[in-house]
Amino acid sequence: SRRVMETRFQKLIGRTPHEEILRVQLERARSLLTETDLPLALVAEKAGFSHAEYLSVVFKKHLGMPPSRYRSTNRH
């Protein structure tokens with residue numbers, strides 16, 4: 001069942017499936033922000049977010065700053 005899978009996943013990985021998906025999406029967004037000049041809408045799309053606004057909200061909640069500030073302070 002779904003619940004059993006989620007419980008086993010969390011026990012093995014230490015995060016829920018949703019948390020792991022979000023972690024991977026945010027990591028991809030961080031990489032795109034620092035390594036490309038893509039607009040935020042394309043970064044969101046390529047990282048698996050349905051909307052740039054949602055990416056911005058999640059990004060700020062988890063990383064403490066908006067994507068634009070992250071990009072400007074973490075350029076390679």
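**View 1. Helix α4 and its cover.** The cover over the buried residues of α4 includes α2 (17-35), α3 (40-47) and α5 (67-73). Helices here are DSSP runs of H or I with at least four residues, strands are E runs of at least two, and both are numbered from the N terminus. Cover is judged by contact, meaning heavy atoms within 4.5 Å. This is a predicted model, where local features need pLDDT of at least 70 and side-chain atom pairs count only at pLDDT 80 or more, while totals for chains, interfaces and linings use all residues. Residues are numbered from 1 along each chain as its sequence is written, and side-chain values use heavy atoms, with hydrogens and water left out.

View 2. Which residues of α4 are buried? They are Ala-52, Leu-55, Val-58 and Phe-59. Seen down the axis of α4, these buried residues fall within an arc of 125°, so they line one face of the helix. The arc is that of the directions from the helix axis to the C-beta atoms. On the face turned away from the buried side you will find the exposed residues Glu-53, Val-57 and Lys-61. Buried stands for under 20% relative accessible area, exposed for over 50%, and partly exposed for what lies in between (1.4 Å probe, protein chains only).

**View 3. The length of α4 and what comes after it.** Gly-64 follows α4 and has a positive phi, near 80°.

**View 4. Helix α3 and its buried side.** Val-43, Ala-44 and Ala-47 are buried in α3. They cover an arc of only 100° around the axis, which puts them on the same side of α3. Among the elements covering these buried residues are α2, α4 and α5. After α3 comes Gly-48, whose phi is positive, near 95°.

**View 5. Gln-10 in helix α1.** Gln-10 sits in α1 (residues 2-13). Its relative accessible area is 37%, so Gln-10 is partly exposed. Leaving aside residues up to four places away in sequence, Gln-10 touches Arg-15 and Thr-16. From Gln-10 to Ser-50 is 40 residues in sequence and 25 Å in space, C-alpha to C-alpha.

View 6. Ser-68 and Glu-6 lie 62 residues apart in sequence, with 34 Å between their C-alpha atoms.

**View 7. Stepping back to the chain.** The chain has five helices and zero strands, giving the pattern α-α-α-α-α along the sequence. Its C-alpha atoms fill a box of roughly 40 × 20 × 20 Å along the principal axes. Of its 76 residues, 29% count as buried. Among contacts with a separation of 6 or more, 44% come from residues 24 or more positions apart.
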